[in-house]
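Here are my comments on the model, point by point. Please read them with the coordinates open.

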Amino acid sequence: MGMGIDHATFRTAMARFPGAVTIITARHGDERRGITATAVCSVSAEPPSLLVCVNRKTGTCAAIRETRSFNVNLLPDPASPLAMRFAGADGITGEDKFSQGHWVEDGRGLPLLDEALIGFSCDVSEMVEAGSHTVFIGEIMDIRISEGAPLVYGQSRFHRLEPL
């Protein structure tokens, strides 16, 4: 790491940096792919777009790179077990992750979590390699919005934000 910052210090600092908990999903042939992520943010309102940072070692990254499309599912407060499942905490990978939660498909056949507070369907407009991750900028093609309190991760644990 640059300027003498060690990995442990960086990880400690980022653990205190709160982020919305999402599951990024894609499809690779007949198999759905997905990972938990907090590295998601808006890019532009014109055109509507957001970015996601995905570890290049994941099948989800390979699927997004190949198909140039992905979905972002903002998790509701009670979804921390699902977040841990898609983070790989119980060793489940690939299609098996989708055996929990109620999954539907968007118009392109990509997985959307039915109980997600927000579901963004995106087409990749740009890709940037950054360290161990690929940053995908996605133009938002469709949005599904529901009511509820979002799940947030900070200080190495899950938190609930009260709805406005």
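This is a predicted model: local features need pLDDT of at least 70, side-chain atom pairs count only at pLDDT 80 or more; totals for chains, interfaces and linings use all residues.

1. Main core. The largest nonpolar core has 17 residues. Ile 24, Leu 50, Val 52, Val 54, Ile 64, Phe 70 and Phe 136 have the most contacts inside it. At least two residues each come from strands 2, 3, 5, 6, 9 and 10 and from helix 2 (59-67). Ile 24 is worth a look: beyond its neighbours within four places in sequence, its contacts include Ile 35, Val 52, Val 54, Ile 64 and Phe 70.

2. Second core. A separate core holds twelve residues, among them Ile 23, Leu 75, Ala 79 and Leu 113.

3. Arg 85. This residue sits in helix 3 (residues 80-86). Arg 85 counts as buried because its relative accessible area is 6%, under the 20% cut-off. Its side chain reaches the backbone oxygen of Lys 97 at 2.9 Å. The Arg 85 side chain also makes a polar contact with the side chain of Ser 99, at 2.7 Å. Asp 90, Ile 92 and Asp 96 are among the other residues that Arg 85 touches.

4. Aromatic pairs. There are four. Phe 86 and Phe 98 pair edge-to-face, 5.1 Å centre to centre with 85 degrees between the planes. Phe 86 lies in helix 3, and Phe 98 in the loop between helix 3 and strand 7 (103-105), twelve residues apart. Both are buried. Tyr 153 and Phe 158 are also edge-to-face, at 5.1 Å and 70 degrees. Tyr 153 is partly exposed at 30% relative accessible area, and Phe 158 is partly exposed at 26%.

5. Cluster. Phe 86, Phe 98 and Trp 103 form one aromatic cluster.

Notes
Residues are numbered from 1 along each chain as its sequence is written. Side-chain values use heavy atoms; hydrogens and water are left out. Helices (H or I, at least four residues) and strands (E, at least two) are DSSP runs, numbered from the N terminus. Buried means under 20% relative accessible area, exposed over 50%, partly exposed in between (1.4 Å probe, protein chains only). A polar contact is a pair of N or O atoms within 3.5 Å; within protein, one must be able to donate a hydrogen and the other to accept it, and residues adjacent in sequence count only if both atoms are side-chain atoms. Contact means heavy atoms within 4.5 Å. A nonpolar core is a set of buried Ala, Val, Leu, Ile, Met, Phe, Trp, Tyr and Cys residues joined through side-chain atoms within 4.5 Å. Rings of Phe, Tyr and Trp (its six-membered ring) pair if their centres lie within 6.5 Å; planes under 30 degrees apart count as stacked, over 60 as edge-to-face and the rest as tilted.
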